[in-house]
Amino acid sequence: MTERNTSTDSPEKRAAGIAAAGLVSSGMVVGLGTGSTVAYTIKELGRRVREEGLDILGVVTSYQSEMLAIDAGIRLTTLSQHPELDLAIDGADQIDSELRAIKGGGAAHTREKIVSVSAKRFVVVADESKTGTQLDKIVPVEVLPFAKELVVKKIRELGGKIKLRSAVKKDGPVITDNGNFILDAEFGVIKDPEALSLQLSAIPGVVEHGIFCNVDELYIGEKDGSVKIITRQK
């Protein structure tokens, strides 16, 4: 399980991931996100379980994070058993100055959003390269295969340029853990992420999109190994 995880060492990602793991204490039920930075969080939590007796339960957002958590020795549960989580920790593809994020590079954003909204506190871990003043990255949109053409039409009407995400090591489209397609939508600079979020969610056939407007805190790993913490202003 190396792709989109710690296949190459990154001091910035490691610093942010490990720092966020320090928020977790025994008795918590924690949402575990997907991606290269949160992989450090999962490994650090596993170390604390083994060496410090940390007693937690994890709710994973993808097959990938499930395998990492199992390898780390973290006990897992489900949202059916624990519908309210104490904390969710996840990465981001991009996050702006107002803590609005784009996620979904790993095609797990539907479950990531469900887990993040189920948590009392949602923390994003990232390196400096993922931060900016405005969002302008591609927005992943998970769609029902039956609705693909309708969703393409509606997103184009919103000004988006659309591409069906293709698999890298197989012919055909990427299939999510939920059995759906991913459309990558390019809008340029997104001036009003909240408005676009609502517009995308209103399209029939859209399962979920990658704009997250519910981040509570951001842990940024910097090149010197320090971590900057930014909290959303209430």
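## Exercises on Salt Bridges and Nonpolar Cores

Glutamate 44 is buried, with a relative accessible area of 14%; buried means under 20% relative accessible area, exposed over 50% and partly exposed in between, with a 1.4 Å probe and protein chains only. The model is predicted, so local features need pLDDT of at least 70 and side-chain atom pairs count only at pLDDT 80 or more, whereas totals for chains, interfaces and linings use all residues. Residues are numbered from 1 along each chain as its sequence is written, and side-chain values use heavy atoms, with hydrogens and water left out.

**Exercise 1.** Describe the salt bridge of arginine 47 and glutamate 44.

*Solution.*
- Step 1. A salt bridge requires a side-chain nitrogen of Lys or Arg within 4 Å of a carboxyl oxygen of Asp or Glu. For arginine 47 and glutamate 44, the N to O distance is 2.8 Å.
- Step 2. The two residues are 3 residues apart in helix α2, and therefore about one helical turn separates them. Helices (H or I, at least four residues) and strands (E, at least two) are DSSP runs, numbered from the N terminus.
- Step 3. Arginine 47 is partly exposed, at a relative accessible area of 23%.

**Exercise 2.** State where aspartate 184 and arginine 165 lie, and whether aspartate 184 is buried or exposed.

*Solution.*
- Step 1. The closest N and O atoms of this salt bridge are 2.7 Å apart.
- Step 2. Aspartate 184 belongs to strand β10 (residues 181-186) and arginine 165 to the loop between β9 (161-164) and β10, so the pair ties together parts 19 residues apart in sequence.
- Step 3. Aspartate 184 counts as buried at 15% relative accessibility, and arginine 165 counts as buried at 15%.
- Step 4. Elsewhere, salt bridges with shared partners join Glu44, Arg47, Arg48, Glu51 and Glu52 into one network. The structure holds 18 salt bridges.

**Exercise 3.** Characterise the largest nonpolar core and the surroundings of leucine 32.

*Solution.*
- Step 1. A nonpolar core is a set of buried Ala, Val, Leu, Ile, Met, Phe, Trp, Tyr and Cys residues joined through side-chain atoms within 4.5 Å. The largest one has 23 residues, and those with the most contacts inside it include Val24, Leu32 and Ile42.
- Step 2. The largest share of this core, 4 residues, comes from α2.
- Step 3. Leucine 32 touches residues including Ile42, Leu45, Ile74 and Ile89, not counting residues up to four places away in sequence; contact means heavy atoms within 4.5 Å.
- Step 4. Another core, of 20 residues, lies apart from it and includes Ile102, Ile155, Leu183 and Ile211.
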